[in-house]
Amino acid sequence: FAPSLAAWAGYPAHPEYVRLFAGILAADALAALPFAWLRFREKALRFAFIRLSGILLNVAINLFCLLVLPEMADRGWVDTAWVNPESLVLYIFLSNFIASFAVLVLLLPELRLASQGWNKLLFKEMFAYAAPLIWVGLAGMVNETLDRILLKQLLDGAVADYEAGLYSAFYKLAMVLSIFVQAFRFAAEPFFFSRSSEQDAPQLYAHVMRIFIWVVAGMAMATLVFADFIAPLLLRRPAYFADPRGMAVVPILLLANLFLGVYYNLSIWYKLSGQTRLGARVAIGGALATLLFNLLFIPHYSFMAAAWVTLLVYAGMVVVSWYMGRSWYPVPYHYGNGMLALLLAAVAWLAFSSTGLTTSDGVVYWLVGTAIVLLYGGIAYLSEKKKWLWKKLSTNIKVGMI
């Protein structure tokens, strides 16, 4: 179905894109369980080595294709047809394809574990647990990527390309936070499962959530404070900087990714309680809301609608997941602490924005920006230290009374 899928996505002349991504997804799917095994066994060095090897190989091939190959064409060493724009786009996808299969080769020792035999009972148990999570993953991809596809579908011609390009470009500024959220998810889930049998597990999960919000809110604030420096590194088209709507979506997308991280934390309730079917309903509901609201509002408000829909859907999923989790796996989350972190981050960013400083102000820009970020970090540290001291004092008082 590659030709049909390529046409639906807006690239009818390039079914090879679909075939490459099918291969990438196949390799990544086969690598998922060995990576999960490494995480469960806490083999962090091997996990990191294989992950980083795939990333470095991907980057190296991209650099060769996008920098070295054009230089070779200019010198007449290769045909110029190899470096036309369409070929360069294809090389990017091909780099990902090669890196994904290289990772799979590095995971062969772990993949050999699959040769130990077939356990029908275990398969039934795991399939009943994991099947709803397939829909969770699919719904998650819809929430993360559908808006850019719909921008091309619902807007006209050149306008669609410009709007989708502008939105995707400024979306990169939120990717730093998104990458951290995904990395946290990789590390946190095995930790949550390994501690689930402990008596104080709910209190521990609440503590992790509190620290997580402090850190992510701080990262969002720092991204906005230093956006004037970060944006030119990630955006290459000067025309995008002239459009004020681009930077306007960044705070919305950063907050959306923060809510997504909170949702990942909250989702532990259905994974630990085995209620993955209920978790799938939350995720599917979010995907349907994303589809419906984008269809309604993108034709009128373009990518600003897509950004707001992303934020509102993730916030809604947080509320629904929190409400359902209270019944199945109650965790004493500290709501006031999360609100305080968000409020301080917002105030810090607004305070810096009011100064009007940019990179053209040189050292003053960096000094003021760094001071604001450090001030936020200091308040976060003192807040957590105060809680730790109070908890320790309370424990000592109880022990003394006994």
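The model is predicted, so local features need pLDDT of at least 70 and side-chain atom pairs count only at pLDDT 80 or more, while totals for chains, interfaces and linings use all residues. Residues are numbered from 1 along each chain as its sequence is written, and side-chain values use heavy atoms, with hydrogens and water left out.

**Surface patch**
- L52, I55, L56, V59, L63, F64, L66, L67, V68 and I92 make a nonpolar surface patch of about 880 Å² (residues with over 30% relative accessible area and no salt bridge, nonpolar side chains joined within 5 Å; areas by the Shrake-Rupley method with a 1.4 Å probe; a salt bridge is a Lys or Arg side-chain nitrogen within 4 Å of an Asp or Glu carboxyl oxygen).
- Helix α3 (residues 44–74) supplies the largest share of the patch, 9 residues (helices are DSSP runs of H or I, at least four residues, numbered from the N terminus).
- L63, in helix α3, is partly exposed at 44% relative accessible area (buried is under 20%, exposed over 50%, partly exposed in between).

**Nonpolar cores**
- The largest nonpolar core has 83 residues, of which Y167, V262 and Y263 touch the most other members (a core is a set of buried Ala, Val, Leu, Ile, Met, Phe, Trp, Tyr and Cys residues joined through side-chain atoms within 4.5 Å).
- Helix α13 gives the largest share of this core, 17 residues.
- A second, separate core of 9 residues includes F35, F47, I50 and V103.

**T310**
- T310 lies in helix α13 (residues 276–328) and is buried, at 5% relative accessible area.
- A polar atom of the T310 side chain lies 2.8 Å from the backbone oxygen of A306.
- Not counting residues up to four places away in sequence, T310 touches D147, Y167 and A256 (heavy atoms within 4.5 Å).

Key
Patches are made of residues with over 30% relative accessible area and no salt bridge: like charges are joined within 9 Å, nonpolar side chains (Val, Leu, Ile, Met, Phe, Trp, Tyr) within 5 Å. Helices (H or I, at least four residues) and strands (E, at least two) are DSSP runs, numbered from the N terminus. Buried means under 20% relative accessible area, exposed over 50%, partly exposed in between (1.4 Å probe, protein chains only). A polar contact is a pair of N or O atoms within 3.5 Å; within protein, one must be able to donate a hydrogen and the other to accept it, and residues adjacent in sequence count only if both atoms are side-chain atoms.
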